[in-house]
Amino acid sequence: MHRILSIYINFDNIKVAFNLIGEENINRILVDNSGIEIEGECNNLDILEQLRNKSNSSYFSINSLLKQDNKYIFKIYIY
């Protein structure tokens, strides 16, 4: 007998990320049972601050941030 695991995904936060960061700047989205991890790049750190303010999450964390040439490579976690 197989058990089916279902999790609730809040797509609102993913939509906000796509709108602010831009689909072309998101490299990976990982969803697990606790939240959403987004890896990507941006030219301006204000975009990540806007995402923090506009997300419907109780927790927002920048797990890694690296400046590479004139852009920032980031990994954020939202839940």
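Predicted model: local features only at pLDDT ≥ 70, side-chain atom pairs only at ≥ 80, totals over all residues.

1. Residues are numbered from 1 along each chain as its sequence is written, and side-chain values use heavy atoms, with hydrogens and water left out.

2. On the overall layout: the chain holds 2 helices and 4 strands, and from the N terminus on its elements follow the order α-β-β-α-β-β. Buried residues (under 20% relative accessible area, with exposed meaning over 50% and partly exposed in between, for a 1.4 Å probe and protein chains only) make up 33% of the 79 residues. Where contact means heavy atoms within 4.5 Å, 50% of the contacts between residues at least 6 apart in sequence join residues at least 24 apart. The accessible surface, from the Shrake-Rupley method with a 1.4 Å probe, comes to about 5,700 Å², and 47% of that surface belongs to carbon and sulfur atoms.

3. On the sheet: the 4 strands form an open sheet in the order β1-β2-β4-β3, with antiparallel pairing. β1 and β3 are the edge strands, each pairing on one side only, and the twist from one strand to the next averages 10°. β2 pairs with strand β4 (residues 71-78) in the antiparallel sense over 7 bridges, and Glu41 has Ile73 in β4 as its bridge partner. β3 and β4 are likewise antiparallel, over 8 bridges, with Tyr72 in β4 as the bridge partner of Lys67.

4. On the helices: axes are lines fitted to C-alpha atoms, for helices over the stretch in contact, and angles run from 0 to 180 degrees between N-to-C directions. Helix α1 (residues 11-21) lies across β1, β2 and β4, and runs at about 170° to β1. α2 lies across β2, β3 and β4, and runs at about 170° to β3.

5. On the core: a nonpolar core is a set of buried Ala, Val, Leu, Ile, Met, Phe, Trp, Tyr and Cys residues joined through side-chain atoms within 4.5 Å. The largest one has 16 residues, of which Ala17, Ile21, Ile38, Leu51, Phe74 and Ile76 touch the most other members. α1, β2, α2 and β4 are the elements that give two or more residues to this core, and α1 provides the largest share, 5 residues. Leaving aside neighbours within four places in sequence, Ile76 is in contact with residues including Ile36, Ile38, Leu48, Leu51, Phe60 and Ile62.

6. On Val16: this residue has its place in helix α1 and counts as buried because its relative accessibility is 19%. Beyond its neighbours within four places in sequence, Val16 is in contact with Leu51 and Lys54. The C-alpha atoms of Val16 and Arg52, which are 36 residues apart along the chain, are separated by 9.8 Å.

7. On Ser55: this residue lies in the loop between α2 (46-54) and β3 (60-68), and at 9% relative accessibility it counts as buried. The side chain of Ser55 reaches the backbone oxygen of Arg52 at 3.3 Å. With neighbours within four places in sequence set aside, Ser55 is in contact with Asn13 and Phe60.

8. Asp69, although not a glycine, has a positive phi of about 55°, and it sits in the hairpin of β3 and β4, which has 2 residues between the strands. Asp69 is exposed, with a relative accessible area of 70%.

Definitions and conventions: Polar contact = N/O pair within 3.5 Å; in protein donor to acceptor, adjacent residues only side chain to side chain. Pairing = 2+ DSSP bridges.
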